[in-house]
Structures are given as C-alpha cells and as structure tokens.
Number of protein chains: 2
Amino acid sequence: MTQAAFALRGNIIYSVSPRELACLPGGYLVVDHGRVAGAFAALPERWQGLAVQDWGEALLLPGMVDLHVHAPQYVFRGLGMDLPLLPWLNKYTFPEEARYADEAYAHTAYSAFADALRSGFLTRAVVFATIHSAATLRLARLLEQSGLIAYVGRVSMDRCDVAALAEGESALADERAWLAELAAAGLRRVRPVITPRFVPACSPELLVGLGRLAAESGLPVQSHLSENRDEVALVAEMYPQSACYGAVYDSFGLFGQTPTVMAHCVHCPPRELDLLQQNGVFIAHCPQSNINLTSGVAPVREMLARGMRVGLGSDVAGGAHLSPLRGIQDAIAASKLRAALLETGEKPLSFAEAFYLATLGGGAFFGSVGSFLPGCAADILVLDDSRSRLPEHDLFERLQRAVYFLDERALQAKYVEGQAVYRAPGAAHS
Amino acid sequence: MTQAAFALRGNIIYSVSPRELACLPGGYLVVDHGRVAGAFAALPERWQGLAVQDWGEALLLPGMVDLHVHAPQYVFRGLGMDLPLLPWLNKYTFPEEARYADEAYAHTAYSAFADALRSGFLTRAVVFATIHSAATLRLARLLEQSGLIAYVGRVSMDRCDVAALAEGESALADERAWLAELAAAGLRRVRPVITPRFVPACSPELLVGLGRLAAESGLPVQSHLSENRDEVALVAEMYPQSACYGAVYDSFGLFGQTPTVMAHCVHCPPRELDLLQQNGVFIAHCPQSNINLTSGVAPVREMLARGMRVGLGSDVAGGAHLSPLRGIQDAIAASKLRAALLETGEKPLSFAEAFYLATLGGGAFFGSVGSFLPGCAADILVLDDSRSRLPEHDLFERLQRAVYFLDERALQAKYVEGQAVYRAPGAAHS
C-alpha cells in the first residue's frame, strides 16, 4: 500500500461488458497510482487502513467519454436545429469557425467550452478545433486546465467553398509546425490528433501528406465517415476506384494504421463495416446530431453484435447537448426509432448498452478507460442523485433516473487518473 | 382602464399562426380582466398610466399546454425506457396505477406531480388519473392549488388483465358519482373530462354509457387513438364493421360530439384523419413517448397542412420528461427522423411550428389560449434566460436557446388568466 492509494465509498456502478452492468451498493472503489485496483463490497485485507473518502449515498460512476465534439461550435449550440444540413452550415458553422482566426475571440469562446467540460460529466474527449493554429493551441491549454484528458485536432482542409476556411499549399507544413508548437507547450493531459475534416474537404495531396505524418509520428487520426447520403455519393464520385468511402481514408493510411476514430458511420455499406472492423477503427455514434441533421441512425445494434468498437459523440453543435447523459437517452431513443420506422426487426439498445457506449465503449480509445474493472484508469464521477431517486429504487433504477433527470448540479466531484480535478462548491465526503 | 388591468414589460414572443412567431423586444403586454389586451412596442394612449411590471431582459412567453399526461405515472418516469411497451406496462405502469386505491399514497404521489406542474412551464394540462375516485378527487384538489387550469379524467375501464385495474358493472355509476363529488368540491380551475382508457379496455356497454354521459353533460372526452400497430389491429378485430379505430369512438359519441382530445394518432389511415378533421378532434402529439414505446412518429406535417387541431402531450411516463421545452425539441427531432428514415419527402417541423404546438396548438383546446393575440387568456411565463443567451443573439435565437437549454430554474413568474400563480424565490420586477 502506497500513499498514492485511496478508496472511495459509495454506490458503485460500471459496465463489465456491452450488455452487463455491475451494481455494488455501499461498495469500496480502491484507487492505486491512478488506476482502479478493484471495486469491493468490503475493503479487502490488503487494503485495510487505507484512507477512505465516504461519499455516503452518492453514486460512483466511471467518467464519461465524448468521442466527437467540435469545440468552436459550442458557442452556437441549440441554434437552427430545425434547419437542413447545408443552410445550418452556411448560417452558423462556417461563419463561426472563421472567427477563430482571431485569437482573442478564440480564447473567450474556448474558455466557455473548457468550463463546461470541467464542471460536466466528461473525463475524456476527442475534439475538433479549426484550421487556426494559434487558436487551437489556446484550446489545448484551456483543456489541460479543465482536468480532462483530451485529444485535440487542428483541422486540415484545403478544399472549402468558404475561402476563410480553406488552407493553402502550406496546409501540411502548418500542421507539422502546429504539432511542434504543441509538443513544446509540454502539456500532460492533452495530445494531438491528425484531423482531416473529411474526404471532400481535402485534396489527395493533403491526404497523402497526413497519412505519411500519421505513419511517421504514430499520432491518432479522427475524421467523419458516411454521415449522410449526399456526402457518400460525392465521395464515390471523387474516388470512383475506391470500394467505399472508408477505403479512401484507408488508401491514404488514415483508417486504423494508427488509432482512429470516425464520426457518424450512419450509411456504411457492409464492406465498409468490414473494413472498420478489420482495421479496429473506433466509431463515434452521434445519435442526436444524426437526428438533428436528418442523417439517419447508425446501425449500432449490428456494430455491437459484430464486436466493433463504438462509443458516443455529442457532435456539438450538430448535437445541441454536450451532456453524455443526454447522449445515453438519445442512443436508446434513436435505436428505438430505427427499429420502429425501418422495421428492421433489430432489438433496440438496452440501457446497459447505451451506458457502455458512453463509458467503456468510448473509453477504450484511450486504453483501459471507462470502467471500474481492475487496471482501468481511475476516472470517477461522484453524483448526488437525491433530486432523482426515490427510497424504493434499486441501484439500477437510480442510475436510469440519474441519466434521465440529473444535470451538472448533481456532480459532486470528478477524478481523472485518480486525481481530483473538480469539486462542487460545498461538496464533501466524510 | 380598470384596476384589473396591468402590463408586463419584457421580450415578448408568441405564435400568431402555426408558422409565424411574433417577436417584440422590450415590449408591453397588456392584461385586462385576465385576458390579453395586446402586445405593444410602446404603451398605447389608452393604457397610459397603467401599472407596469418591468421584467427587464426576461422573456415573456405564452404559458405552455400539455394535452396528454398520466398523473399516476409521474412517479416512475425515466424507468424502463429501453423496454418494449408490454414489459414496461407490466413492470411499471399497472402495478403503480393499482397503488392509487390507497388514498394516502395517492396524496403523496400526486403532490409531487402537482408541485412539478406548479414550478414548471405548463399553465394548462389534460390529465389522466386512474379508476380510483377518491384518489382522483385528491388529484383535482392538488391541481387546483397548483394554479394550472386542468381537465382531470377519472379513468373508465372495465376490461383489463390486471384485476385490480378493471372496474366492475358499476363503472358507469361510479363515474357519475365521481362527477357529482367533483362538482360538489367547487373547484374553479379544474374540470372533469370523460376518460375511457382506450377502446380495448372498455366494454361496448361502458362506451355506450360514457357516450350518453358526454351528450347529456356536454363534458369533454379524452382517450388514446392508433398509438401502435398491434393496438390498431386489435381494435379492427374487435369491431370488424368499423371503418377505422376512430370510427369506433365516433359510433359511441366519443369523438368530437363534445370537445375531444385523442393522444398519439401515429398510425391513422386517411379515413381516420378525415374523421378527426371533420369532427374537430384535437390530437395530442406525443413525440417522446412515441419514440420510447417504439410506436413511430405521427404525421404531424400532414396534420398541420390539412389545418387539423394538434398540440403536444408529454405522455408521462411513456415520455420521461414533463417539460414542454423538451417536447418542442422532441417534436422537431421526431419529424426529422421521420423524414430521414421513411424518406417521405416531408419537410420536418420548423422551430416555430413546434413552439406553436406547445402553446397555441394545444391551448386552443381550452378556448382562446396559448398566444398573446388580443383576447387570449393571459397565461404568461416570465423566463430569465441569462444562462442560455449571448449578447449577439436576436430574440428568436434567444428563444431557441431557452428551449434547448433552460430548466425550471429559469422560471421567474407564471400567470394564469392574469393571476400570478407562481413566483420564484427572489424573482422581482421593477
């Protein structure tokens, strides 16, 4: 037993698999050197004498993971949610992203985003920024202070109708320069991710360069895949030799050659699902965004049945809500509507499966993350659910009520790799 | 000008039609004898000298209307939202509803429901209770105290597999006795509504009796219609001579012969839509419930295009959320998924249309209610949107942000027919 070890006492819930939740009322969660040593009904012999933070009736949940979020879109979330994709992009997304050329503006806007992350239920995130190096470096510094562990991507795109958002021939050099700047900043929690916006926004030359960069550096990759039918058709037109949209990324070495997460995957043909699976690519399922932007609903039931790697993304601001609790609700709802309207005969997602997506499913992109199985990173949420629980509820029912009814006010404390990164004013354990 | 007149100053927004929102920054809303005299940019000559409550930067919105909510299900909302309909009914709905035989239990549970209504965004509701007369009378008294204007229905059902929930031969006599008790209670804001649970739960004899009761008393009617395919098939089997499900209600005089609201209407064939329209029946569109219970999505675009009468219902606990703000979000989202998955080519609901459904669309069931057009009942919400607005937002954008991000904390004050029925602690106008 070292000083680096401690325990939290409370009502422990975590995923042990996509389908199975472990519920341990009044249990002990032992943290050792930033990792989970185990979740126990009583403190085992070897941990006797350990400092115990007793959180009483609170829920102890794994920290949640957002595999796909656009930081510069946080500021206009909730606007134009009744618009189709193109008018929404033209009215809100493109003008707003252009503003991040102004570093002072970026600092203000990104500060609000980082504050929301700090006091919310996320402990990890994979983040899109914009093409602007200085602003993205600001974002990285702010995220470092938020306490989350995050991948941040400076966006690469040299094809865009909006002139202010298209990089020139220096796109690749600018990306390399930005990576060097980030490395020099010496951040501990925030790491870079290579971020081609999506195939249609990048020249083949840029994609070649980014693929080489990934191979050289081993850096992970994030992008968008098969979000809507028009986009899939456009890529097929641009790359007629390619077996599918995903195969384009693959041909450039941007599809699992290094750890990769692809957002959406709503309209993947079978061969694309095969390729995603073979290459171990993570899928960021973004149900709310897919609904808001009239994209459809990804075939998550099939992905899970095949054992593919899937987590949740808020896709703010395609999704209006940053909270992963809303993401869990939306994942269930979207799968039910898919079943009802497409009459696929698929079983909708269970609550346990949706909770898994928000925690262990997405957490796996970061390694052993998103559960309280021994060896997992000790990313922990302490939730006061007194506003949503009733005396007769068992722990599983309390979790459901928490997901449907709690907001950030419920967050008492948050730990990332065993370090306390957030404590609500007045929150205390005994 | 009488003492019964006063004005509120603030940022006024209301529907003037299904498609059109009026936005009046820093306007005056004049209330006279409980009705809206008008919304003005400046106080007109005839109202000079009127007492003005200045709510500063707050939003002034019409009170919202829930056309379909099950009061006894409030207590278990958010549980089993991943279950199909039948397991959900058997595990949660039926056992819970049976508990309302216990008047003391009913008082506790209904108090929580009434408290939520009091401090929320609704000013009117059409409510299902249970078969229990004493408990339903308790509910009516609690709703009266909540300040809302409500229709409350003691449920009539004499066919149910759950013995505790099936009324016997005295069903009709019990309903009449309950109506007399309610009349004797002398409530001002709460009125009764005849409430056959739905066709399969009622014997033809009971439906005949309820239809006669409606004709004699002029009382309104509420029930469920064409919520899911199995139910529609069952009714077709029970009433093979009937042209459609709605025609069964119609044949018993329970379909617009008196003011009628039918919940769901997801799977109405064209002739049923015709009948709903001809008879002026109101439709309670319950998007969240229809998603959660895998029912589908009602054809609201077509209903609006035909000029049919539609409002929103939370259908708690088929819907987990009582807030009509969530209902607006869900109405837009459901219509988008319907468009995306069924590829109907229908235009999804606009924000203005969804807001209309939550206010004027449902309000019309109560008369001139749900807008600030002159002559409407002065049902008013005062919202502090400082948590969701940004300086650059126009009033329409502020409203969108309010709908997506505010919760009950934003409610500063609430007026029903010009009477203040709620004031948040510390909330003050100048």
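Analyst: A:Asp315 sits in the loop between S14 and H11 of chain A. The model is a predicted one.

User: What makes the phi of A:Asp315 worth noting?

Analyst: Phi of A:Asp315 is near 50°, which is a positive value in a residue other than glycine.

User: Which peptide bond of chain A is cis, and what is its omega?

Analyst: The bond joining A:Val316 and A:Ala317 is cis, with omega about 10°. A:Ala317 lies in the loop between strand S14 (309-312) and H11 of chain A. In chain B, a cis peptide bond joins B:Val316 and B:Ala317, again with omega about 10°. B:Ala317 is placed in the loop between strand S14 (309-312) and H11 of chain B.

User: How do you know that chain A and chain B are in contact?

Analyst: Contact requires heavy atoms within 4.5 Å. By that criterion, 46 residues of chain A are in contact with 46 residues of chain B. The two chains bury about 3,700 Å² between them, and 56% of this is on carbon and sulfur atoms. On the side of chain A, the residues that lose the most area to chain B are A:Asp82, A:Lys336 and A:Leu341, together 17% of what that side buries.

User: Which helices of chain A supply at least two residues each to the side that touches chain B?

Analyst: They are helix H9 (287-292), helix H11 (324-342) and helix H13 (395-405). H11(A) gives the most to that side, with twelve residues. By residue class, the side of chain A that touches chain B divides into 22 nonpolar, ten polar and 14 charged.

User: What makes A:Glu57 and A:Arg398 a salt bridge, and which parts does the pair tie together?

Analyst: Their side chains meet at 3.1 Å, N to O, and the limit is 4 Å, so the label applies. A:Glu57 lies in strand S4 (residues 52-62) of chain A and A:Arg398 in helix H13 of chain A, so the pair ties together parts that are 341 residues apart in sequence. Over all chains, the structure holds 42 salt bridges.

User: What lines the largest cavity?

Analyst: The lining is made of 20 residues, of which A:Arg326, A:Asp330, A:Ala333, B:Arg326 and B:Asp330 lie nearest the centre. H9 and H11 of chain A, along with helix H9 (287-292) and helix H11 (324-342) of chain B, each supply at least two residues of the lining. H11(A) gives the most, with six residues. The lining divides into nine nonpolar, seven polar and four charged residues.

Technical notes
Residues are numbered from 1 along each chain as its sequence is written. Chains are lettered from A and ligands numbered from 1 in the order in which they are written. This is a predicted model: local features need pLDDT of at least 70, side-chain atom pairs count only at pLDDT 80 or more; totals for chains, interfaces and linings use all residues. Side-chain values use heavy atoms; hydrogens and water are left out. Buried area is the accessible area (1.4 Å probe) that two parts lose on being put together, summed over both. Helices (H or I, at least four residues) and strands (E, at least two) are DSSP runs, numbered from the N terminus. Ala, Val, Leu, Ile, Met, Phe, Trp, Tyr, Cys and Pro count as nonpolar, Asp, Glu, Lys and Arg as charged, and the others, Gly among them, as polar. On a 1 Å grid over the protein atoms alone, a cavity is a set of points where a 1.4 Å probe fits but cannot get out, and a pocket is an open set with protein on both sides within 12 Å along at least five of seven lines; lining residues have an atom within 4 Å of a point.
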